[in-house]
Amino acid sequence: MSEVPDKTNITDYYYSGFKLFEDSLNGQLKTKVHQLRNEAIKDFSRLGFPAVSNEEWKYTNIKPILKVNFKPAQLADKTTGMFPAINSNTVKLFLIPELKVNLIVFVNGVYNSELSNIPSELTGIKIESLADILKGGSDFITEKIIPESKINDGFAALNKAFTSDGAIVTVADNAVIDEPVHLMFLSGSDSENLLVQPHNYIFAGRNSRVKIIESFHSISENANLINSLSEIFIEENARITHYKIQNDSADSGQVNRTQVYQQRSSVFTSFAITFDGALVRNDIYTVFQGEGGESHLYGLYLANGKSHIDNHTMIDHAAARCQSNEFYKGILDDHARGVFNGKVMVRRDAQKTLAYQSNKNLLLSKFARVDTKPQLEIFADDVKCSHGATVGQLNDESVFYLRSRGIGADMARSILINAFASDIIDQIDIEPLREYLNNKILDKLNKV
Amino acid sequence: MPENSKLNLDRGYKTMLLSVKDLSVSIDNKEILRGINFQVNPGEIHAIMGPNGSGKSTFASVLAGRTGYIINSGEVIFGGKNLLELSPEDRAREGLFLAFQYPVEIPGISNATFLKTALNEIRKYKGEEELDAMEFLALMKEKMKLVGMDSALISRPVNHGFSGGEKKRNEVFQLTVLEPRLAILDETDSGLDIDALKIVANGVNLYKGDSREKSVVLVTHYQRLLDYIVPDFVHVLYNGRIVKSGGKELAFELEEKGYDWIKEENKEPAAV
C-alpha cells in the first residue's frame, strides 16, 4: 500500500515515478516521443497539480483526491496477479446491449488483445495500440501531431510525460464506418491505488464518418485515478461523433481531457454523460482551424452522495463561418456538486460565427450545489452568440398533475427527472446507446 | 338554508358516491370554503356555478388533493373512504379525476407514455392486469376517435405547445382513457370557442353515456356548457357556501338574471 506522503512532495513523488518509468523503457530514450515526454515532465514539475487559486480549477479542489498516492500503472506489479481476474464476461458487463462495435479494451491503461474484438478485415479504418506502434520504433506520433502550444495544465503534462499506451484510430479518407469504435478502459487493482493514463489519438480522414465511444469502468474496490487524454484530428469535411460515458465507482477520480482540431467544414459532436465518481473533471477543447466547421457539445451529469462533477469546455473560433452549440444539463442530489464552465473564444477574423451555449440544472436537495459560468470572449463584430444558465427544482405543479392521474410521488419524481434528462439523451443517434443510458438513469434514480 | 332542501337530504350513506359535510377550508388564514354540504350519487351530473371568487376552483382542488389548503373542519367521504386522508394518487386510483382549469405542460414525456403509466398504476391498485404496449395502443386509438383527438398529438410531450382548447380536449381524452367513477371538470369551458366547447362536451357525454357507474361534477361560471352537458342538479356556490340548489332550470335562471340576484339574497349582515 502506498504511504501518504508529505503534501509538498506530491509533485516530487510523481517525478520520481517518472524516473522509474523511464528506467523501464529500453531503447526508447533517444526517440522523439521520449523527448516530448521529457519536456512534459519538466512542465509538470513546473506546474504541479492545479490549486483552487488556478482560475480553471476554482470550483474543484483536487487535494482530497491526491491525499492517496496513486501508483502509475506502468510501475504496478502485473506479474503477481494483483490485477483482478478479468475475462470476456467482465467485458460483457460493460458493453452496450444490442450494439455491435469494434471493441478495443485497455486494462489499467494497457491494450489487451484477447478481450478486444477488432475484426481482422477492417476496411477504411485501422485500430491499433499506441504501445505496439512505439515498440515498432515508430515516431509517427511526432510526424502527425501538430506542435503543441505550451502546456498549461498539470494533469495534461503528467499524462504526456507517461505516454505509453492508448488507442490509435485512423479512418481513411472517404471511409464511412458503420459500427462504432468502442474504447473500453477497465481499471483497478486489488492491492494498490493506480494512476491510469491512457493517451489516445483519433484521425478522421477527409470526408470520413466515424463514431467513437469511450467508457471508463472500475474493476476493483480500490479507488483509482484516471488521467486520460484523447487527441482528435478531423480533416476537411469529416464527421466524428464522440460519446464519453463515465459510470465508475463512487470512490474514484477521473480527469479526462479531449482536444479536438477541426479542419474546414468538419463536424464534431460530443456527448459527455457522467453518472458517478468521487471527482470527475472533463475538459473538452476544440479549435476551428478552417472555415465552415461545426461543433455540437452535449453533456449530462447526474450526481448524488458527495460526488463532484466538473465540466469545462473551450471552443476556439479561430476561423470564420463556424458554428458551435453547447447544451449541458445537470441533475444534483444529496450533497453533490456540479460545475459547468463553458468558454467560447471568437477571434478577430472569425466573422459570421454562430455560438450558442446553454446549461440547465435541476437541484433535488437542499445541499446540492452547482456553479455555472459561461465565458464568452468575442473579438469579431459580425457574430451571433448567446448563452444561458438556469438552476431550478422539480416543478410542483407537474408533480401534482402526475399524482392526480394515479402516479405515485416517487414515480412522478423519476418521470420528471427522466424528462429533464431526455433533452440530452434524445439527441443521441445510436438507439441501443440511448436505451442503455435511459436504463442507467432509471437505476441511478431509484437509488436516489 | 338552501331552497329545495329535499335535494340535499341524506340519500343513504351507502349508495352515495361523494358526500361532503360542513367542509371549511382556508388559504393563508383566509376562509374560502365556509361549510360546504354536497352529495353526488352514482350516475348523476351536477353543476356547481357561482361568481368569481366564490370558491369553486378551491373546492375542486381540495377534492383532488392539492396542497396549500388548510382543512379547518368537515369531512369528505368518497366511495365509502375518507377522501381527505388519501394522497392525490390514491384518490385517482379510487376513481376520482380532476380536469384542470390550467393543465401544466410537461416536456420530456409523451402523452402516450404518461397515460399508459397512469392507467397501469390505477389498474395495479385495483388488482387488474396491466396493459402492455399493444393493448394500450388499441385502447388509445378507440378513445382518440371518441374525443376527435389528433393522433399526432399523442406522441407529443404532455400538453407541450398545445393551444388552450387542445389542452382542455386532452383533459377530456385522459378522462375517457382512465374511466374514473367521478369526473370533476374545473371550468373546462373557459377560453373555448363554441366548436371546441362542443367537442369537449361530446367527449364527456360519450364517456358518461347512460352509465350509472359514472358521475360528473361540472364547475363552471357560465351556463353555456350546460346546454351541451345537461345536468341533473345545479348548485350555486357563493362566498364559500352552497346557497341554492335546483334542477337544470336554475342554470337558465342564472343566465337570465346574472349573479347579482344571488348576491342580494345572500347579503351578509353588516358586522357590528
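Start in chain A and select strands β17 (residues 323-332) and β19 (residues 353-363): they pair in the parallel sense over ten bridges. Strands here are DSSP E runs of at least two residues, helices are H or I runs of at least four, and both are numbered from the N terminus. Strands count as paired if DSSP finds at least two bridges between them. This is a predicted model, in which local features need pLDDT of at least 70, side-chain atom pairs count only at pLDDT 80 or more, and totals for chains, interfaces and linings use all residues. Residues are numbered from 1 along each chain as its sequence is written, while chains are lettered from A and ligands numbered from 1 in the order in which they are written.

Click S324(A). Its bridge partner in β19(A) is A355(A).

Pick S358(A): its partner in β21(A) is G388(A). In a regular strand, side chains alternate between the two faces of the sheet.

Next, go to D334(A), in the loop between β17 and β18 (337-346) of chain A. Its phi is near 50°, a positive value in a residue other than glycine. Most residues other than glycine have a negative phi. D334(A) has 16 C-beta neighbours inside 10 Å, so it counts as partly exposed. The scale: 20 or more other C-beta atoms within 10 Å means buried, 12 or fewer means exposed, and in between is partly exposed, with C-beta atoms placed from the backbone.

Stay in chain A and select helices α2 (residues 32-47) and α7 (residues 154-161). Their axes lie 7 Å apart, at an angle of about 150°. Axes are lines fitted to C-alpha atoms over the stretch in contact, and angles run from 0 to 180 degrees between N-to-C directions. α2(A) and α7(A) are therefore roughly antiparallel (an angle over 145 degrees). Show the contact residues, among them L36(A) and F44(A) of α2(A) and A157(A) and L158(A) of α7(A). Contact means C-beta atoms, placed from the backbone, within 7 Å.

Now look between the chains. There, 18 residues of chain B are in contact with 16 residues of chain A. On chain B, α2 (88-93), β7 (106-110), α3 (111-125) and α6 (164-178) each supply at least two residues of the side that touches chain A.

Last stop: E179(B), in the loop between α6 and β9 (182-186) of chain B. Its phi is near 45°, a positive value in a residue other than glycine. E179(B) is partly exposed, with 16 other C-beta atoms within 10 Å.

Technical notes: Contact = placed C-beta atoms within 7 Å. Parallel < 35°, antiparallel > 145°, perpendicular 65-115°, else oblique.
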